[in-house]
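Visitor: Could we take a close look at the aromatic contacts here, and at the parts of the chains that they join?

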Amino acid sequence: MILLGLLETGSAYGYDLKHRYDRLFGLRKRLAFGQIYATLARLMRDNCIEELAAEAGHGPERRRYHITDTGLRRVESWLFTPDIPHENLQSNLFAKTVIALLIDDDAERLLDGQRHAHLERMRQLTSEKRGADFATAALCDHALFHLEADLRWIDLISARLRDLRESIER
Amino acid sequence: MNSSAPPSTLPGIPPATSPGATPLITARDLHLAFGLTEALRGVDLTIRSGEILAIMGPSGSGKSTLLHILAGVLVPDRGSVVYNGQRISTMNEAERARLRLAEFGFVFQFGQLLPDLSALDNVSIPLLLGGMSRREALARSEELLGSFGLSSCKDKRPPQLSGGQAQRVALARALVAGPRVLFADEPTGSLDSLSSEQVMEMLAATVRGFGVTLVVVTHDARTAAYADREVIVRDGQIRSGFEL
Ligand SMILES: Nc1ncnc2c1ncn2[C@@H]1O[C@H](COP(=O)(O)OP(=O)(O)OP(=O)(O)O)[C@@H](O)[C@H]1O
Ligand SMILES: [Mg+2]
C-alpha cells in the first residue's frame, strides 16, 4: 500500500520508489529490490498500476510505473479506514499520515478517524473494567494506558502536521 | 423552568428521563472573540438528555470558552444556545444566574472550594443559596458526602484535603442541589491515575444513576473514555463526521 501511495505522487521507476521508501519509512528495515518488484507485479496484476512504455535498451529497473483509477481508490480507502486499535505502535498509521501529506489529502481527517477508533476501544475497556475482578481490571488498564500513549502521539502529530509535511517534502 | 420551583435534591430522586435522543442543549453557530482572539468560530453542537459528552482538543482551542457559553456563564457574540426550550443566549445576567442555580452544577480543575469553610459547609452552599434551611442543608450534604466515601473528611477545610478528596467534595457540591446538567472543566486535570479513576467512577455512576447530563472538558483520554461520545474542538471549531 505504501508503494502505491508513493506512486500517487507521480509515476516512478522501481529504483526511485525503493529510495523514497527507505528515506521515509526505512528506519528499521530497508526494502530489498526483490520485494519492490514482487509488490509492483502484484499491483500490476490487480490493475492498481500500469507500466508506461518501456524505454528501449534497458533492463527491468528502467520500467516506469503509473497509478490507475483503481489504484487511486485503493489508496483512498486505505487512508481513511482507521487501523484496529492495538496497544502497540501504529506504524501503519504513520505511513498513512505521511502518504496523505505527500498526496495533499486530508491527514487531519484520518487522524481524527483513528482518534475516534481508539477512544471507542477505550470506552469498551472502561466498561469491561466496571465490576470486573482485579486481574481483569489490571489487564484492561494495561491496554488503556497503551492506547492512551498512542492517542498522545496522535495529538502531537496532529498539532505538528505542517512541520511533518515540511520535513518529508524536503 | 421557572425560578420559583425549589431545586429538587439528588439523593432518592429517580431519574426524570432515561438517556435518550431528546436534545437538551442545542448550540448553533457560536462565535466569540476576546479582542482579536477568535476563541470560537462557528460551533454547532447538540447535547442529548442524560448523555455524557467529552469535549476534547488542543490547549487554547476554545474548550473552556465553549463550556462557559453552554452553561450560560458567557454570552456568545453570535449564534444561539437553547436549553430545554429556553434561549439562554439572549437572557440577561440575572435570568442566567437563576437558571444556573436551579438547573446546572459546575466542577472546575482547581481553586473552587472556599478555603475557610469545612468540606461539609462547602457542599451545602448551593442548597443554602436555593433557600433551604441550614439544618436540612447540612443533613443532605452530610448524606451525600457519606455516599461519596468522604464522611471522615467532612470537618476538614480544603487545604487539609488531598487533591482527589477535594475534587470529590467539589463534585458533591456540584451535585447536591440535583442539577439536570453538570458542567466539568478538567475535573481530573491535576490528579494521578488512581484518583482520576476514583473521581470518574464516582462521577459517571452518579450522573448515570440520576439521569444527569454531563458535559466534561478533558484532555485525558482515560477520562474521556467514561463518556458516551467525544467531540474535538480545534481552532474554535468542531469538526463533524465522527458523531454517533
Ligand atoms: N477572558 C479571556 N480574555 C482573553 N482571551 C481569552 C479569555 N479566555 C480565553 N481566551 C483566549 O481564547 C482562546 C480559547 O481559550 P480557552 O480557555 O477556551 O481554551 P481551552 O481549549 O480551554 O484551552 P486549555 O486546554 O489550555 O484550557 C485562547 O486563545 C485564549 O487565550
Ligand atoms: Mg480550558
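Guide: Phe94(A) counts as partly exposed because its relative accessibility is 27%, whereas Phe25(A), at 13%, is buried (buried means under 20% relative accessible area, exposed over 50% and partly exposed in between, with a 1.4 Å probe and protein chains only). The model is predicted: local features require pLDDT of at least 70 and side-chain atom pairs pLDDT 80 or more, while totals for chains, interfaces and linings use all residues. Residues are numbered from 1 along each chain as its sequence is written, chains are lettered from A and ligands numbered from 1 in the order written, and side-chain values use heavy atoms, without hydrogens or water.

Over all chains there are 8 aromatic pairs (rings of Phe, Tyr and the six-membered ring of Trp with centres within 6.5 Å; stacked with planes under 30 degrees apart, edge-to-face over 60, tilted otherwise). In one of them, Phe25(A) and Phe94(A) are edge-to-face, because their planes stand at 80° with the ring centres 6.2 Å apart. This pair links helix H2 of chain A, which holds Phe25(A), to helix H5 (residues 91-102) of chain A, which holds Phe94(A), across 69 residues (helices, H or I of at least four residues, and strands, E of at least two, are DSSP runs numbered from the N terminus). By contrast, Phe106(B) and Phe183(B) are stacked, because their planes lie at 20° with the centres 5.8 Å apart. Phe106(B) belongs to strand S6 (residues 104-107) of chain B and Phe183(B) to strand S7 (residues 181-185) of chain B, so the pair ties together parts 77 residues apart in sequence.

Leaving aside residues up to four places away in sequence, Ala184(B) touches Leu67(B), Val107(B), Leu214(B), Val215(B), Val216(B) and Val217(B) (contact means heavy atoms within 4.5 Å). Ala184(B) and Leu67(B) are 117 residues apart in sequence, yet their C-alpha atoms are 8.3 Å apart.

In chain A, helix H2 (residues 14-25) packs against helix H3 (residues 33-45) at about 115°, with axes 10 Å apart (axes are fitted to C-alpha atoms over the stretch in contact, and angles run from 0 to 180 degrees between N-to-C directions). The contact includes Lys18(A) of H2(A) and Phe33(A) of H3(A). Lys18(A) lies over the face of Phe33(A), 5.5 Å from the ring centre (a charge sits over a ring if NZ of Lys or CZ of Arg is within 6 Å of the centre and within 35 degrees of the normal).
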